[in-house]
Amino acid sequence: MATKSVIRNVNQHVGETVTIGAWINNKRSSGKIQFLQLRDGSGYIQGVVVKSEVSEQVWDDAKSLTQESSLYVTGVIREEPRSQSGYEMTVTGIEIIHLTENYPITPKEHGVDYLMDHRHLWLRTQKQRAIMVIRAEIIRAVQAYFDTNGFTLVDPPILTPTSAEGTTNLFHTKYFEEDAYLTQSGQLYMEAAAMALGKVYSFGPTFRAEKSKTRRHLIEFWMIEPEMAFTDHEESLQVQEQFISYVVQSVVKNCRQELEAIGRDISKLEAIQAPFPRITYDEAIEFLHTQGFDIPWGEDFGAPHETAIAEKYDKPVFITHYPAGIKAFYMKPDPNRPDVVLCADMIAPEGYGEIIGGSQRIDDPQLLEERFKEHELSMETYQWYMDLRKYGTVPHSGFGLGLERTVAWICGLDHVRETIPFPRTLYRLYP
């Protein structure tokens, strides 16, 4: 009886007969030999059916297989250096599960809207599968980094009574008789958790009701938000660059085949090693002026500005010390220059924009109360947040990493919509 296996593990069965549950990715024939391109979710392998070596039934079954038909295929695994996986199967038996007719996504070119309408099927293609595998590896590496560096995973709520940053881009709902919102960030809750556990991180979905259609924006996306007690701005920057280096190198090590499948230049990822370059907001403004940008001091950077800055470097760059007026109310002013805050945005190379935003948080209760008034925030709503400063306040810092933008950068994708299994964009809620 044949051993049941998955394609990923066929290297353990060279010379043995195995059975694999698979789908037909593609098929071609050269007369008396049929070549079945098989996939099972774990990988790809070619099954070779030789007419003179199989029964007439097996031969006819192989001929009847169509794209995305499902089957159990039995055969002998052998090494094949010319194949992508390094192995091939000499087919001896076929058990058809289901013959597919008129599969909507064929090897020909399809428009993006068509592919998005069929996202549930588009995921089956080799490139989309590779992206999902890389995404999963990024998630694994994120958790491994924090879990082995003294952080505790804490889950903030999805439904909140307030915004984290005072923005109006929130999804509103009713929580019985109260107003509530889908979270746009777990940060404020992570600050509370850090006061209990020291170093914490969250990993969960966030929502922004921005009517944006750029290639960098999703309505629903996932955020990783670490928060660290007794940690200043400089220490936080060091954590950020070590964290990103670890994640990228984990993908390079464990997903090389997938990176090659999507055509990624792996050498650019291999160069991502801490430390990362740093420039201040002031220096960034000066540089942009030399590049012909007419941007005044005090204005936030857009995608063209970030791209121009990133093009100077082959690894992520920190832009630090932004003006207080364009950053969130909770960011700590620089003691030596109160008009700027102790913060940084990490800009990915190759035009992928901001992937991390972070800062040292205000720990002075009086200053935080002033910020509430300046931003016209309800003291009653944020009283619990003020309590963190009233009862044992400490210096603390944190940051947020956008998972999908990180996936887009590491994979070298043109649009963030391919970085998540079922993207939610301005005009798309299906499938």
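**View 1. Gln-240 in helix H6.** Gln-240 is found in helix H6, residues 233-254. Helices here are DSSP runs of H or I with at least four residues, strands are runs of E with at least two, and both are numbered from the N terminus. This is a predicted model, in which local features need pLDDT of at least 70 and side-chain atom pairs count only at pLDDT 80 or more, while totals for chains, interfaces and linings use all residues. Residues are numbered from 1 along each chain as its sequence is written, and side-chain values use heavy atoms, with hydrogens and water left out. Is Gln-240 buried or exposed? Gln-240 is buried, at a relative accessible area of 1%. Buried means under 20% relative accessible area, exposed means over 50%, and partly exposed lies in between, with a 1.4 Å probe and protein chains only. Not counting residues up to four places away in sequence, Gln-240 touches Phe-318, Met-346, Ile-356 and Phe-399. A contact means heavy atoms within 4.5 Å.

**View 2. The whole chain.** The chain has 13 helices and 19 strands. Its C-alpha trace spans about 85 × 55 × 40 Å along the principal axes. Of the 431 residues, 51% are buried. Take the contacts between residues at least 6 apart in sequence: 67% of them join residues at least 24 apart.

View 3. The largest nonpolar core has 46 residues. Such a core is a set of buried Ala, Val, Leu, Ile, Met, Phe, Trp, Tyr and Cys residues joined through side-chain atoms within 4.5 Å. The residues with the most contacts inside the largest core include Ile-134, Phe-146, Phe-243, Trp-409 and Ile-410. Helix H4 gives the most to this core, with nine residues. Leaving aside neighbours within four places in sequence, Ile-410 is in contact with Ile-134, Ile-138, Val-247, Val-248, Val-251, Leu-259, Arg-264 and Leu-269. A second, separate core has 31 residues, among them Phe-287, Ala-308, Cys-343 and Ile-347.

**View 4. The second largest pocket.** This pocket has a volume of about 560 Å³. On a 1 Å grid over the protein atoms alone, a pocket is an open set of points where a 1.4 Å probe fits, with protein on both sides within 12 Å along at least five of seven lines. Lining residues have an atom within 4 Å of a point. Points are joined across faces, edges and corners, and the volume is the space filled by probe spheres set on them. The lining holds 29 residues, of which Ser-42, Gly-43, Tyr-44, Ser-85 and Gln-257 lie nearest the centre. Elements giving two or more residues to the lining include strand E3 (33-39), strand E4 (44-50) and helix H4 (126-147). The largest share, six residues, comes from H4.

**View 5. Gly-47 and the strands around it.** Gly-47 lies in strand E4. Gly-47 is buried, with a relative accessible area of 0%. Beyond its neighbours within four places in sequence, Gly-47 is in contact with Gln-34, Phe-35, Leu-36, Leu-38, Met-89 and Val-91. Gly-47 and Tyr-87 are 40 residues apart in sequence and 9.6 Å apart in space, C-alpha to C-alpha. E4 and E6 run parallel, joined by three bridges. Two strands pair if DSSP finds at least two bridges between them. Val-48 has Thr-90 in E6 as its bridge partner. Strand E5 (residues 70-79) pairs with E6 in the antiparallel sense, over ten bridges.

View 6. Four bridges join E9 to strand E10, residues 178-182. Phe-176 sits in the loop between E9 and E10. Its phi is near 60 degrees, a positive value in a residue other than glycine. Phe-176 is exposed, with a relative accessible area of 72%.

**View 7. Two cis peptide bonds.** Most peptide bonds are trans. Which bond is cis, with omega near 5 degrees? That bond runs from Ala-274 to Pro-275. Pro-275 is found in the loop between helix H8 (266-270) and strand E13 (278-280). The bond from Tyr-430 to Pro-431 is cis, with omega near -5 degrees. Pro-431 lies in the segment after helix H13, residues 403-411.
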